[in-house]
Amino acid sequence: MDTTVSLIVAASEDNAIGKDNGLLWHLPNDMKFFKNTTWAMPVVMGRKTYASMGSKPLPGRFNIVVTRQADFDPGDERAWVVNTLDAALEKAAETNCREVFIAGGGELYRAAMPIADRIYITRVHARYPDADVHFPGFDEKQWDQTSRLDFPADERHEQAYSFQVWDRRRPVDASVD
């Protein structure tokens with residue numbers, strides 16, 4: 001069974017995703033979308049992303065932390081530690097899930113982009129020139145947007161945003177039987 005490798009991210013129009021190991025916005029619906037999309041699935045994250053979540057595993061998911069720190073202790077047996085993205089994908093395959101989610105940070109997104117099959121992006125309709133972590137972006141010509149829902153800013157959401165799903169275009173198989 002092939003496993004779909006998906007990136008899941010909230011990124012601004014200038015691909016900002018964070019500053020000082022924190023989020024740049026407060027979007028409760030994005031948190032709910034993330035939870036619902038990744039529930040019961042393996043979620044791969046870097047050590048700094050794990051730390052930004054209070055160094056606690058996400059409930060209801062297989063948590064895989066990628067770090068080069070040989071002595072890193074996640075403080076919870078529900079968080080598995082590996083040294084490389086490849087090792088994380090192997091660990092995710094052990095769960096028999098059909099999809100694995102790469103949840104940041106920027107370095108892990110860059111490493112996973114060439115092998116990603118799908119991108120779930122909450123596009124925050126604002127710009128953050130002071131951000132210190134960015135999503136690598138992607139060439140939209142290589143992807144098909146398969147879903148998009150737009151939401152205006154409101155009393156609970158500081159910025160307008162869109163939930164978007166992009167699937168990588170695959171070459172058409174021109175072989176003849």
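Hi everyone, let me start with a trio of charged residues: Glu99, Arg118 and Asp167 are linked in a network of salt bridges. Please keep in mind throughout that this is a predicted model.

Let's look at one link of that network. Arginine 118 and aspartate 167 meet through their side chains in a salt bridge, at 2.5 Å from N to O. Arginine 118 belongs to strand β7 and aspartate 167 to strand β10, so this pair ties together parts that are 49 residues apart in sequence. As for solvent, arginine 118 is partly exposed, with a relative accessible area of 22%.

Which residue forms a salt bridge with arginine 170? That is aspartate 117, and here the closest N and O atoms are 2.3 Å apart. Aspartate 117 sits in the loop between α4 and β7, while arginine 170 is in the segment after β10, so the pair ties together parts that are 53 residues apart in sequence. Aspartate 117 counts as partly exposed, at 21% relative accessibility.

The count of salt bridges comes to 8. Another one of them joins glutamate 94 and lysine 91, with the closest N and O atoms 3.5 Å apart. Glutamate 94 is exposed, at a relative accessible area of 57%, and lysine 91 is partly exposed, at 25%.

Now to the sheet. It is an open sheet of 8 strands, and if you trace along it you read β5-β4-β3-β6-β1-β7-β10-β9, with mixed pairing. Which strands are at the edges? They are β5, residues 79-82, and β9, residues 143-151, each of which pairs on one side only. From one strand to the next, the twist averages 20 degrees.

Let me zoom in on one pairing. Strand β3, residues 42-46, and strand β6, residues 99-102, run in the parallel sense and pair over 2 bridges. Valine 44 has isoleucine 102 as its bridge partner in β6.

On to the helices. Helix α1, residues 28-38, lies across β1, β3, β6, β7 and β10, and its direction is at about 175 degrees to β1. Helix α3, residues 85-93, lies across β1, β3, β4, β5 and β6, and runs at about 165 degrees to β4.

I'd like to stay with α3 for a moment. Which of its residues are buried? They are Leu85, Ala88, Leu89 and Ala92. Looking down the axis of α3, you find these buried residues within an arc of 95 degrees, so they line one face of the helix. Asp86 and Glu90 are on the other side of α3, and they are exposed. What do the buried residues of α3 pack against? Their partners are β1, β3, β4, β5 and β6, together with α4, residues 106-112.

My last stop is a glycine. Glycine 137 is in the loop between β8, residues 133-134, and β9. Is glycine 137 buried or exposed? At 15% relative accessibility, and with the cut-off for buried being under 20%, glycine 137 counts as buried. Leaving aside residues up to four places away in sequence, glycine 137 touches Asn15 and Met113. Take alanine 11 as well: glycine 137 is 126 residues from alanine 11 in sequence, and the two are 9.2 Å apart in space, C-alpha to C-alpha.

Key. Residues numbered from 1 in each chain as written. Predicted model: local features only at pLDDT ≥ 70, side-chain atom pairs only at ≥ 80, totals over all residues. Heavy atoms only, no water. Pairing = 2+ DSSP bridges. Helix = DSSP H or I, 4+ residues; strand = E, 2+ residues; numbered from the N terminus. Axes fitted to C-alpha atoms, helices over the stretch in contact; angles between N-to-C directions. Contact = heavy atoms within 4.5 Å. Buried < 20%, exposed > 50% of the residue type's maximum accessible area, 1.4 Å probe, protein only. Arc of directions from axis to C-beta. Salt bridge = Lys/Arg side-chain N within 4 Å of Asp/Glu carboxyl O.
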